[in-house]
Amino acid sequence: MSIVVRNPGTGEHLGEVPDLDARDVAEVVEAAQEGQRAMAALPAHRRAELLLAVAGLIEAEQEDLAKLLAAENGKPIVQTRGEVAAAIRIFRGYAGEATRLFGRQIPLDAVPGLERHLAVTTREPLGVVAALVPFNYPVELYAHKAAAALAAGNAVIVQPPAKCPLALTRVAELIAAAGLPKHAHQLVTGGVAVSQALATLPGVAAVSLTGSTAAGRAIATLAAGSLRKVFLELGGNDALIVCDDADPEEAAKAVVLGRLARGNGQICCAVKRVYAQDGIHDAFLASLLAQTAKLVVGDQLQESTDVGPLITEDAAERVSAAVERLVEDGAGLVAGGARRGAFVDPVVLTEVPATSPAFAEEIFGPVAPVARFTDPMDAVRMANESPYGLHAAVFTRDVSRAFTLARHLDVGGVVINGSTALRAENLPFGGTKDTGGYREGLHETVLDFTRQKSIIVMEAFG
């Protein structure tokens, strides 16, 4: 059996990958034990050299990978270039982290009777790490998981997204050419059966998943039986709060570039809810509509395209259905909404009732719903009512208000005067509540993929 990969905009056949089953995955996991032992035996400087070599090989094919990713994923080519560039930086960043896995000396003289003993800690690899990668930013998010695992001396088994696995399949070929130990880095292509096997098979020490909250719950439940580590970065319904003293043009730009024209709206940290204060609402909405009208929807391989097709036609249908529910609940459709196959014209909705169940859902597409508020703390309350807690944004010129609202927002990160769609590889990225509670980033993930060991020397001091 195989999975056929097509361009979501044109339907063009791009390639096929095997549709593996649990038996196939079990063989890969068994082989990975050899790869893990070999990676753990490598000195830190050698692991760093290998990651730098991988970064160089990806960089040499950056344009080809960007085109392949755009073709299979639907994101505009300008954005996939940026994604591949981010993956290159991430591999280089983790090369540095491989040489900074520090242990500690613990002062045992803090405990009466242990004054003459010495305790130190070291960091060791977890084992085999399974990396489950989503479709929306597959190359970048893969890099966060795979490079971190390898930097820490683990083997990694990668499940690329079934809808767009081809770019990662090519990256795996480049990694093989870089000279990693045999079976230290393997790909397993397929659907839910592959994910379930990785979460339950003996020999997998940890599972790292970026995806929907439903997928995260399912993987966590399966993995709980073996007590393996699970790292989850899940959904979001990020709020952007525009206060009366904000710059309406800049706030509107944050919505356009952080939602409508970024990843075709298919980003966990995209601006998904907008709350505009009464005094600025009309000026903000006018700017948002003017900027939205300039967006070009079309072929993702064209340089001029701002918004390409969603990952599948089914995904586009779900977005259209969510928009219809918001309109039924009282929202006004003031821009966009037309659907042609997997393409959805960017949507702006106004006067959205904050109590609408559809407003609380994560809409994965180019939709900007705008609601009103009078008091900024009411906007915070409405933002916090979401079951998700990834990012939020606040637009205001009042620094005290900015920090006050940021303090009260129940999220993993707050952006002041900018879009929520911000992810720098050296920042901890993640959220609260149904977003999963995990933080992923250069300085965090490599440590999470290790375990600490305490070594105590009795009577070390005379």
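**Exercise 1. How many cavities of 30 Å³ or more turn up, by the rule given in the solution?**

Solution. The count comes to 1 cavity of 30 Å³ or more. Here's the rule: on a 1 Å grid over the protein atoms alone, a cavity is a set of points where a 1.4 Å probe fits but cannot get out. A pocket is an open set with protein on both sides within 12 Å along at least five of seven lines, and lining residues have an atom within 4 Å of a point. Grid points are joined across faces, edges and corners, and a volume is the space filled by probe spheres set on the points.

Before going on, keep in mind that this is a predicted model, where local features need pLDDT of at least 70, side-chain atom pairs count only at pLDDT 80 or more, and totals for chains, interfaces and linings use all residues. Residues are numbered from 1 along each chain as its sequence is written, and side-chain values use heavy atoms, with hydrogens and water left out.

**Exercise 2. Describe the largest cavity: its volume and its lining.**

Step 1: the volume is about 70 Å³.

Step 2: 14 residues line the largest cavity, and Arg273, Ala383, Tyr388, His391 and Val411 lie nearest its centre.

Step 3: two or more lining residues come from each of strand E10 (238-242), helix H13 (376-384), strand E17 (388-389) and strand E18 (391-395). Helices (H or I, at least four residues) and strands (E, at least two) are DSSP runs, numbered from the N terminus.

Step 4: sort the lining by class and you get 6 nonpolar, 4 polar and 4 charged residues. In this scheme Ala, Val, Leu, Ile, Met, Phe, Trp, Tyr, Cys and Pro count as nonpolar, Asp, Glu, Lys and Arg as charged, and the others, Gly among them, as polar.

**Exercise 3. Which element gives the largest share of the lining of the largest pocket?**

Step 1: find the pocket, whose volume is about 1100 Å³. It has 43 lining residues, with Phe135, Lys163, Gly211, Ser212 and Ala215 closest to its centre.

Step 2: list the elements that give two or more residues, namely helix H7 (192-200), strand E8 (206-210), helix H8 (213-224) and helix H11 (313-328).

Step 3: pick out H11, which gives the largest share with 7 residues.

Step 4: check the classes, which are 23 nonpolar, 13 polar and 7 charged residues.

**Exercise 4. Which element gives the most to the lining of the second largest pocket?**

Step 1: this pocket holds about 370 Å³ of space. Of its 20 lining residues, Tyr137, Glu140, Arg262, Ile267 and Arg423 are the closest to its centre.

Step 2: H4 and helix H5 (138-151) each supply at least two residues of that lining. H4 gives the most, with 6 residues.

Step 3: the lining divides into 10 nonpolar, 3 polar and 7 charged residues.

**Exercise 5. At roughly what angle do the axes of H3 and H4 cross?**

Step 1: the axes of helix H3 (residues 62-73) and helix H4 (residues 77-98) come within 8 Å and cross at roughly 125°. Axes are lines fitted to C-alpha atoms, for helices over the stretch in contact, and angles run from 0 to 180 degrees between N-to-C directions.

Step 2: that makes H3 oblique to H4. Angles under 35 degrees count as roughly parallel, over 145 as roughly antiparallel, 65 to 115 as roughly perpendicular and the rest as oblique.

Step 3: look at the contact (heavy atoms within 4.5 Å) between H3 and H4, whose residues divide into 8 nonpolar, 2 polar and 4 charged.

**Exercise 6. How do H3 and H6 lie relative to each other, roughly parallel or roughly antiparallel?**

Step 1: the axes of H3 and H6 come within 8 Å and cross at roughly 150°.

Step 2: that makes H3 roughly antiparallel to H6.

Step 3: Leu65, Leu68, Leu69 and Glu72 of H3 make the contact with Leu166, Ala167, Arg170, Val171 and Leu174 of H6. By class, this contact has 7 nonpolar, no polar and 2 charged residues.
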